[in-house]
Amino acid sequence: MARVSSRHRETHGVHARRLLAASPPKTKPRSSQIRKRAEHGDDAMSRALLAHVLHRPPLLGSRSGAGARGLLASRIHPLRRLNCSAAEAAPGPTEEAPASPARKKRVVSGVQPTGMVHLGNYLGAIKNWVALQDLYETFFFIVDLHAITLPYDAPELSKATRSTAAIYLACGIDSSKASIFVQSHVRAHVELMWLLSSSTPIGWLNRMIQFKEKSRKAGDENVGVALLTYPVLMASDILLYQSDLVPVGEDQTQHLELTREIAERVNNLYGGRKWKKLGGKGGSLFKVPEALIPPAGARVMSLTDGLSKMSKSAPSDQSRINLLDPKDVIVNKIKRCKTDSFPGLEFDNPERPECRNLLSIYQIITGKSKEEVVSECQDMNWGTFKTTLTDALIEHLQPIQARYEEIVSDPGYLDNVLLEGAGKASEIADITLNNVYQAMGFLRR
Ligand code: ATP
Ligand code: MG
């Protein structure tokens with residue numbers, strides 16, 4: 001034990017010196033540049049993909065308005081390196097992923113089990129995943145470890161986790177195409193987080209906007225260390241799978257940039273020849289991921305304030321439509337949602353954020369074009385439109401709710417899906433984790 005500690009101190013000293021010596025991360029393209037590149041990408045396949053994945057046109061909220069985070073803003077990575085598999089990017093010397101001649105790119109994403117999944121989570125995330133699972137190797141997990149970064153209700157956590165998994169399936173995520181699992185069931189997430197933490201300067205975390213905002217809201221004495229360090233867990237979530245693409249909302253772009261910085265830093269500190277000298281394969285330990293941000297992403301706004309995003313953690317349930325809300329609750333929420341006193345209905349009047357939000361929700365769930373919605377609804381009064389919207393919502397959500405009931409009525413089925421998903425995820429995650437242990441000089445088990 002004593003020897004371990006002194007070795008640890010020594011390693012730590014060397015490591016600290018390396019950290020100080022390590023050059024600051026290279027300047028990364030900012031999100032806007034990334035987006036621009038994607039929008040102007042000349043790759044026909046990526047344009048086709050863009051159209052396929054993102055067939056819904058409207059931008060539900062103002063990106064520049066107050067609280068305009070969370071927008072799934074804009075990028076599909078050109079598919080120019082389709083044949084470059086994650087395993088090719090960073091295989092281990094002793095633990096190679098099975099060879100695959102043309103592995104699809106990998107995509108990871110998740111929802112926190114912090115409450116009821118709502119229309120924003122569905123239109124902004126889960127509904128897009130359904131299209132992504134046909135094009136990529138996908139890993140969709142329930143990020144339960146992230147749900148404890150703020151005070152939470154322990155008995156509710158496992159229920160919300162199961163419910164979120166069942167909602168993924170009910171919305172059309174297919175366990176034969178995507179790996180569906182619970183983050184805490186794949187232990188490598190937490191282990192890699194610790195390894196990455198040692199290479200993450202605290203200043204990088206201090207500048208995270210979400211930390212600043214959430215800690216200000218929670219009050220300093222209620223803020224746990226996890227609120228500061230969870231972006232490192234998010235980096236671990238992504239880097240473990242050698243992910244190529246990460247669908248993120250605008251609220252997460254800063255965390256994705258941090259992930260890229262951490263990946264490059266660890267690659268520089270421990271990868272390449274240094275790793276080879278320790279018996280490893282050399283090369284990069286991590287693939288540096290790219291954001292996958294739809295160009296016209298949904299940002300569903302609150303029903304009680306058209307300038308705030310619909311959110312699980314908003315105190316009033318009246319502010320959101322939960323995917324599992326019964327018919328009468330939907331009727332009631334739409335009846336009472338905030339409107340305005342302008343005549344007629346319109347999308348583009350900046351003084352009418354609620355009007356734009358409700359019309360856009362209607363447009364997306366009916367699959368109509370903006371022009372069709374304008375010609376159908378422009379002369380309606382609020383009473384007529386609210387009935388139309390309510391009917392459309394109920395019609396859209398009813399099959400999802402029916403599938404959800406079927407799924408939860410067979411707990412064994414859900415258990416199997418999660419077990420299988422965690423198994424597949426662990427296989428890949430463990431390869432990355434073992435490589436990192438090796439490259440960082442740990443004694444092999
Ligand atoms: P919380 O309030 O606990 O943060 P949330 O409603 O923001 O919950 P998350 O679990 O943080 O939900 O996010 C899951 C996914 O849903 C993310 O991809 C996020 O970008 C997306 N998302 C969340 N809210 C909206 C929204 N109002 N419109 C569109 N997408 C959203
Ligand atoms: Mg959120």
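Tutor: Here is a walk from the ligand site out to a few other spots in the chain.

Keep in mind that this is a predicted model. The average pLDDT for the protein is 81, and 76% of the residues score at least 70. Over residues 1-99, though, the pLDDT is below 50, and that stretch still has 208 contacts in the model beyond near neighbours in sequence. Where pLDDT is low, the predicted coordinates should not be read in detail.

Now the ligand. Ligand 1 is surrounded by 18 residues, and the closest are His118, Lys309, Ser311, Lys312 and Ser313. Helix 5 (residues 119-135) gives the largest share of that shell, with four residues. Which side chains have polar atoms by the oxygen atoms of ligand 1? Three to look at are Thr114, His118 and Lys312. For His118, a side-chain N or O atom sits 2.7 Å from an oxygen atom of ligand 1. Lys312 also puts a polar side-chain atom 2.7 Å from an oxygen of ligand 1, while for Thr114 the distance is 2.9 Å. As for cover, ligand 1 on its own exposes 600 Å², and the protein buries 91% of that.

Stepping back, what is this site set in? The protein has 17 helices and five strands. Of its 445 residues, 52% count as buried. If you take contacts between residues at least 6 apart in sequence, 79% of them join residues at least 24 apart. The protein exposes about 20,600 Å², with carbon and sulfur atoms supplying 55% of it.

Helix 7 spans residues 188-197, and its buried residues are Ala188, His189, Leu192, Met193, Leu195 and Leu196. Looking down the axis of helix 7, these buried residues fall within an arc of 165°, so they line one face of the helix.

His255 has a relative accessible area of 1%, so it is buried. Setting aside neighbours within four places in sequence, His255 is in contact with Met208, Gln210, Tyr230, Pro231 and Met234.

Helix 10 leads on to Gln242, in the loop between helix 10 and strand 4 (245-247). The backbone is what to check here: Gln242 has a positive phi of about 50° although it is not a glycine. Is Gln242 buried or exposed? With a relative accessibility of 3%, Gln242 counts as buried.

Last stop is Phe342, in the loop between helix 13 (327-336) and helix 14 (353-366). At 32% relative accessibility, Phe342 counts as partly exposed. Not counting residues up to four places away in sequence, Phe342 touches Asn349, Glu351 and Arg352. Trp382 is 40 residues from Phe342 along the chain, and their C-alpha atoms are separated by 9.8 Å.

Notes:
Residues are numbered from 1 along each chain as its sequence is written. Chains are lettered from A and ligands numbered from 1 in the order in which they are written. This is a predicted model: local features need pLDDT of at least 70, side-chain atom pairs count only at pLDDT 80 or more; totals for chains, interfaces and linings use all residues. Side-chain values use heavy atoms; hydrogens and water are left out. Buried means under 20% relative accessible area, exposed over 50%, partly exposed in between (1.4 Å probe, protein chains only). Helices (H or I, at least four residues) and strands (E, at least two) are DSSP runs, numbered from the N terminus. The arc is that of the directions from the helix axis to the C-beta atoms. pLDDT is the predictor's confidence in each residue, from 0 to 100. Contact means heavy atoms within 4.5 Å. A residue is near a molecule or strand if one of its heavy atoms lies within 4 Å of it. A polar contact is a pair of N or O atoms within 3.5 Å; within protein, one must be able to donate a hydrogen and the other to accept it, and residues adjacent in sequence count only if both atoms are side-chain atoms. Accessible areas come from the Shrake-Rupley method with a 1.4 Å probe; for residues, only the protein chains shown count as cover.
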